[in-house]
Amino acid sequence: LMDFYLNYTKDIASINSRIDFMAGTGYQDFLFTSDNFADYRFDKSIRPGTEPQFPNSEAQYTLISYYGRLNYTYNNKYVLTASLRTDGSSRFGKENRWGVFPAVAFAWRMSNENFLSSSKVISDMKLRVGWGITGQQDGIDFYGYLPRYSLSNNAALYQMGPEFSSMQRPSAYDPNLSWETTRNINLGLDFGLYSNRIIGTVDVFSRKTEGLLSVVPIALGTNFSNQLLTNVGNIESNGVEFTVNATAVKTQ
């Protein structure tokens with residue numbers, strides 16, 4: 001794991017503003033190793049056809065990221081945030097390896113306005129709206145986009161005379177495998193009442209996931225299996241979420 005980023009912050013008193021800029025890059029490399037063993041009988045003899053052709057198996061994938069974010073605050077009331085990241089995963093082919101994921105948000109701290117700053121009830125209130133796209137590539141096969149052969153297990157041996165041998169058989173694959181993406185739009189209100197003895201959040205959101213990564217049944221003869229890891233279907237959800245926390249008792 002390697003992560004490198006640079007952060008720059010500057011207060012611009014002449015226009016009552018503050019700028020916070022961050023840019024960076026990340027590199028992650030994962031290597032999974034497992035030992036392979038023969039299948040032994042109760043008499044400690046090796047079951048024919050189960051001796052591994054290699055001592056261990058290795059699976060590996062790499063994730064590379066570049067990202068940037070800009071926060072602009074004016075008069076300690078209005079905050080604009082914009083971010084952009086691009087991620088490359090070796091779980092996808094070269095044509096679909098990189099995904100670009102932007103986001104933008106705006107917040108208005110209403111409690112700092114004159115019409116609320118002297119309120120004895122409202123101690124904090126912030127209105128915010130945001131839009132963004134995120135990518136997903138976790139939980140899937142490392143090589144689902146590649147044509148490859150794998151060694152069959154003991155339930156799929158081929159008999160040649162008295163011996164049973166494992167087969168090298170092709171695995172199902174999708175060369176067009178790509179990022180699963182989720183687009184999210186939300187409108188939220190954060191509030192604090194009575195010196196923040198009561199705090200809460202209300203969020204209205206709309207979320208849509210496209211290119212859902214899933215293993216699904218496929219028609220026989222269309223690939224090398226009756227199941228395939230692929231991008232299939234969309235999921236859309238809309239709703240309201242709210243949270244309220246209260247400090248009911250506060251004494252010495």
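In which sense do strand β5 and strand β6 pair, and over how many bridges? Strand β5 (residues 98-109) and strand β6 (residues 122-136) pair in the antiparallel sense, over seven bridges. Welcome to a predicted model, in which local features need pLDDT of at least 70, side-chain atom pairs count only at pLDDT 80 or more, and totals for chains, interfaces and linings use all residues. Residues are numbered from 1 along each chain as its sequence is written, and side-chain values use heavy atoms, with hydrogens and water left out.

**Strands**
- Strands here are DSSP runs of E with at least two residues, numbered from the N terminus, and two of them pair if DSSP finds at least two bridges between them.

**Salt bridges**
- The structure holds nine salt bridges, each a side-chain nitrogen of Lys or Arg within 4 Å of a carboxyl oxygen of Asp or Glu.
- One of them joins the side chains of D203 and R128 (3.0 Å, N to O).
- Because D203 lies in strand β12 (residues 198-210) and R128 in strand β6, this pair ties together parts that are 75 residues apart in sequence.
- R128 and D203 also belong to a salt-bridge network with D190.
- R18 and D11 meet through their side chains in a salt bridge as well (3.0 Å, N to O).

**Buried or exposed**
- Buried means under 20% relative accessible area, exposed over 50%, and partly exposed in between (1.4 Å probe, protein chains only).
- D203 counts as buried at 14%, R18 as partly exposed at 37%, and D11 as exposed at 51%.

Notes:
Helices (H or I, at least four residues) and strands (E, at least two) are DSSP runs, numbered from the N terminus.
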